[in-house]
Amino acid sequence: MNLFIRFAWLWLRLLVTKKPFTALNGAIHQSYRILPHDMGWRLHLPNFRFFSFMELGRFEFWYVSHKFHEMSPGSRLIAAQELVYIRPVSPFALLHSDTVLLFWDDKYVYFQHNFYVKGTLVATGLAKEACMRYGHVQSPVSIFGECQGSDVATAAVEHWQALQQSLRQLSQPK
């Protein structure tokens with residue numbers, strides 16, 4: 001329920017403000033007040049709540065970039081997500097998130113999400129999405145053109161892909 005309320009608030013804010021889009025590699029900045037219903041059993045922000053904030057950041061990116069309108073409804077499928085949880089976030093803290101389009105290849109779009117409280121990094125995450133159009137995977141190259149990611153971004157994505165492949169091999173029955 002929390003995600004839906006924040007999504008509705010974000011959607012209304014985007015419709016009213018007509019936020020301009022700066023660039024594909026520009027960060028989407030969002031802020032959230034951590035309320036008591038966001039807290040987990042140990043009275044800090046649990047990992048699953050960060051994934052909700054990551055989804056809201058990616059939605060805003062797609063919406064303000066006007067690429068959202070070129071795809072069919074339900075057109076973003078999460079292929080993988082990973083979060084590195086660095087520090088606990090207490091109730092009523094103001095959490096700032098930055099969402100950046102990191103890289104894209106022939107099949108997936110990669111986003112990096114950084115979360116800050118009082119200027120201190122508290123978590124960082126990566127998300128890999130497939131773009132769909134009318135039930136078929138659409139190449140991000142057809143949406144954005146050729147990728148011009150930095151060498152650091154390319155190396156990070158390649159390392160993450162190798163790690164995912166290793167984990168898949170571990171889960172195979174012997």
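# Close-up views of a predicted chain

**View 1. The whole chain, read from start to end.** Read along the sequence, the pattern goes α-β-α-β-β-β-β-β-α-α. That gives four helices and six strands; helices (H or I, at least four residues) and strands (E, at least two) are DSSP runs, numbered from the N terminus. What you're looking at is a predicted model, where local features need pLDDT of at least 70 and side-chain atom pairs count only at pLDDT 80 or more, while totals for chains, interfaces and linings use all residues. Residues are numbered from 1 along each chain as its sequence is written, and side-chain values use heavy atoms, with hydrogens and water left out. Of the 174 residues in the chain, 41% are buried; buried means under 20% relative accessible area, exposed means over 50%, and partly exposed is in between (1.4 Å probe, protein chains only). The accessible surface of the chain is about 10200 Å², and 61% of that belongs to carbon and sulfur atoms. Accessible areas here come from the Shrake-Rupley method with a 1.4 Å probe, and for residues, only the protein chains shown count as cover. Now for contacts, meaning heavy atoms within 4.5 Å: among those in the chain with a separation of 6 or more, 70% are between residues 24 or more positions apart.

**View 2. Helix α2, a mostly covered helix.** Helix α2 runs over residues 47-64. How many of its 18 residues are buried? The count is 14, so α2 is mostly covered. You can check the length of α2 too: at 1.5 Å a residue it should span 26 Å, and its end C-alpha atoms are 26 Å apart, which agrees. The expected span of a helix is 1.5 Å times one less than its number of residues.

**View 3. The largest nonpolar core.** A nonpolar core is a set of buried Ala, Val, Leu, Ile, Met, Phe, Trp, Tyr and Cys residues joined through side-chain atoms within 4.5 Å. The largest one has 31 residues, and Phe50, Val89, Leu95 and Phe115 touch the most other members. At least two residues of this core come from each of β1 (28-33), α2, β3 (94-104), β4 (108-117), β5 (120-133) and α3 (140-144). Which element gives the most to this core? That's α2, with nine residues.

View 4. The structure holds three salt bridges, each a side-chain nitrogen of Lys or Arg within 4 Å of a carboxyl oxygen of Asp or Glu. Arg58 pairs with Glu55, with the closest N and O atoms 2.8 Å apart. These two are three residues apart in helix α2, so about one helical turn separates them. Glu55 counts as partly exposed, at 26% relative accessibility, while Arg58 is buried at 0%. Glu129 also forms a salt bridge with Arg58, and here the closest N and O atoms are 2.7 Å apart. This pair links distant parts of the chain: Glu129 sits in strand β5 and Arg58 in helix α2, 71 residues apart. Glu129 counts as buried, at 1% relative accessibility. Shared partners join Glu55, Arg58 and Glu129 into one network.

**View 5. The Arg49 and Asp38 pair.** In this salt bridge, the closest N and O atoms of Arg49 and Asp38 are 3.4 Å apart. Arg49 belongs to helix α2 and Asp38 to the loop between β1 and α2, eleven residues apart.

**View 6. Two loop residues with positive phi.** Phe92 isn't a glycine, yet its phi is positive, about 70°. You'll find Phe92 in the loop between β2 (76-85) and β3, and it's exposed, with a relative accessible area of 51%. Lys118 isn't a glycine either, and it has a positive phi of about 50°. Lys118 lies in the loop between β4 and β5 and counts as exposed at 80% relative accessibility.
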